[in-house]
Amino acid sequence: MAVLVTGGAGYIGSHMVLNLTDAGEKVVVLDNLVTGFDWAIDGRAVFEQGNAGDIDFVLGLIAKHGITEIIHFAGSIVVPESVADPLKYYGNNTATSRNLIEAAVRGGVRHFIFSSTAAVYGMTGLAPVVETTPLSPMSPYGRSKLMTEWMLADVAAAHPLTFGVLRYFNVAGADPAKRSGQSTPLATHLIKVACQTALGQREKMDIFGTDYETPDGTCVRDYIHVTDLIAAHALLLKHLRGGGESTTINCAYGQGYSVREVIDAVKATSGVDFRVDEGPRRPGDPASVTATGEKARSLLGWVPQHNDLKEIVESAYAWERHLMVRNR
Ligand SMILES: NC(=O)c1ccc[n+]([C@@H]2O[C@H](COP(=O)([O-])OP(=O)(O)OC[C@H]3O[C@@H](n4cnc5c(N)ncnc54)[C@H](O)[C@@H]3O)[C@@H](O)[C@H]2O)c1
Ligand SMILES: O=c1ccn([C@@H]2O[C@H](COP(=O)(O)OP(=O)(O)O[C@H]3O[C@H](CO)[C@@H](O)[C@H](O)[C@H]3O)[C@@H](O)[C@H]2O)c(=O)[nH]1
């Protein structure tokens, strides 16, 4: 019995690997290192370098390692890039996932957990969404992920496989023991960019749009600490292993923060009043995206431990400083 973690060299996947290996699980990481780092893979896991969409390679891994579950993080993740290059996203997200799911079915994998996204909801208004809120993704990224959700539902209806879809809201923060964190140098995520600017790695940063219909005119997001997000995965895996039905669950706190509020939090944590310019809107950005996280609590017994913007920002900033020293 082993868990295959695709994208286990990436930001979120590497935290999943740590959670599983800490729990004594046998873990195999499948990653092509396109954005991940081999140093981010916990030494207790087996690393297999390759493409998650290579059916024969994955079938070989399933047989070789006795894979019983797949947790699928591998993919392309940048919303504006998906607008500029949609085929990359329908390729590396939708088509790759399709092949991985085929390998899972043919290899007799029992359970499949998939990293989906808040971007499947699209323009949601200011109220937090629930899982039954109508889906209307605004970007190719969101659509590429929604198609994978649909494939999983269709496949699970036809084959003996159960799945869990987790729709992540904005993931941030790092492992409290500083074993991993968001490490992509050219990452586009707000908290990462602000921390890099505070540390002088960027001369300045931009706010993308100040004319949204939100309290301060900038976009609102529900930032979730990566440790809480990973705890939801571990609970979902337990649910599926215990015979629980396939399910789709939002991972969020139900509390939104604006771009300005996040930047202020990074300035307060770092003590640096870095330069921030106000620029035009970024394509594909909805004004406000938040969710209650109620289903995760009621179905999985999820109890967030790090629901605090200050703590999330401090953790991201500490990781950024750690990376600076590491990369020197
Ligand atoms: N970061 C967020 O806020 C966020 C929010 C919602 C959903 N997600 C989803 O979570 C997942 C992980 O995101 P992340 O932030 O850790 O990104 P990341 O770029 O750090 O990690 C992705 C990993 O997948 C690997 N990879 C990409 N394509 C691959 C392929 N075809 N075969 C094998 N490996 C491949 C990369 O090398 C990398 O290690 C993604 O599916 C993303 O869409 C992330
Ligand atoms: O330098 C920056 C970076 C971001 N933003 C804004 O900050 C907000 C958050 O942006 P970002 O951190 O890039 O996250 P999102 O675009 O909301 O997308 C993230 O969160 C989604 C879930 O909500 C995931 O699906 C995506 O993979 C992940 O990149 C948006 O309004 C951006 O326009 C800025 O103003 N300046």
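**Ground rules.** I worked on a predicted model, in which local features need pLDDT of at least 70 and side-chain atom pairs count only at pLDDT 80 or more, while totals for chains, interfaces and linings use all residues. Residues are numbered from 1 along each chain as its sequence is written, and chains are lettered from A and ligands numbered from 1 in the order in which they are written.

Over residues 3–252 I noted 38% helix and 20% strand, with the end C-alpha atoms 25 Å apart; helices (H or I, at least four residues) and strands (E, at least two) are DSSP runs, numbered from the N terminus.

I traced an open sheet of 7 strands in the order 3-2-1-4-5-6-11, with parallel pairing, where two strands pair if DSSP finds at least two bridges between them. Strand 3 (46–49) and strand 11 (247–251) are its edge strands, each pairing on one side only. Neighbouring strands are turned by 20° against each other on average, direction ignored; axes are lines fitted to C-alpha atoms, for helices over the stretch in contact, and angles run from 0 to 180 degrees between N-to-C directions. Helix 5 (residues 140–158) lies across strand 5, strand 6 (162–168) and strand 11, and runs at about 155° to strand 5.

I then followed an open sheet of 3 strands, ordered 12-9-14 and mixed in its pairing. Strand 12 (257–258) and strand 14 (288–289) stand at the edges with a single partner strand each, so one side of each is left without a neighbour in the sheet. Strand 9 (residues 220–221) pairs with strand 14 in the parallel sense over 2 bridges, and Val220 stands opposite Ser288 in strand 14.

**Ligand 1.** I listed 29 residues around ligand 1, the closest being Gly7, Gly10, Gly36, Ala74 and Tyr168; a residue is near a molecule or strand if its C-beta atom, placed from the backbone, lies within 6 Å of it. Two or more residues of this shell come from each of helix 1 (11–22), strand 2 (27–31), helix 4 (86–106), strand 5 (111–117) and strand 7 (170–172), and helix 1 gives the most, with 3 residues. The shell divides into 12 nonpolar, 16 polar and 1 charged, where Ala, Val, Leu, Ile, Met, Phe, Trp, Tyr, Cys and Pro count as nonpolar, Asp, Glu, Lys and Arg as charged, and the others, Gly among them, as polar.

**Ligand 2.** Around ligand 2 I found 22 residues, with Thr117, Ala118, Leu190, Phe208 and Cys219 the closest. Helix 6 (190–198) and strand 8 (205–208) are the elements that give two or more residues, and strand 8 gives the most, with 4 residues. By class this shell holds 14 nonpolar, 4 polar and 4 charged residues.

**Helix packing.** I checked helix 2 (residues 55–65) against helix 4 and recorded an angle of about 40° with the axes 9 Å apart. Ile55, Val58, Leu59 and Ile62 of helix 2 meet Asn99, Leu100, Glu102, Ala103 and Arg106 of helix 4, contact being counted when C-beta atoms, placed from the backbone, lie within 7 Å. The residues of this contact divide into 6 nonpolar, 1 polar and 2 charged.

Helix 6 and helix 8 (residues 259–270) also pack at about 40°, with axes 10 Å apart. Their contact has 9 nonpolar, 1 polar and no charged residues.

Notes
Two residues are in contact if their C-beta atoms, placed from the backbone, lie within 7 Å.
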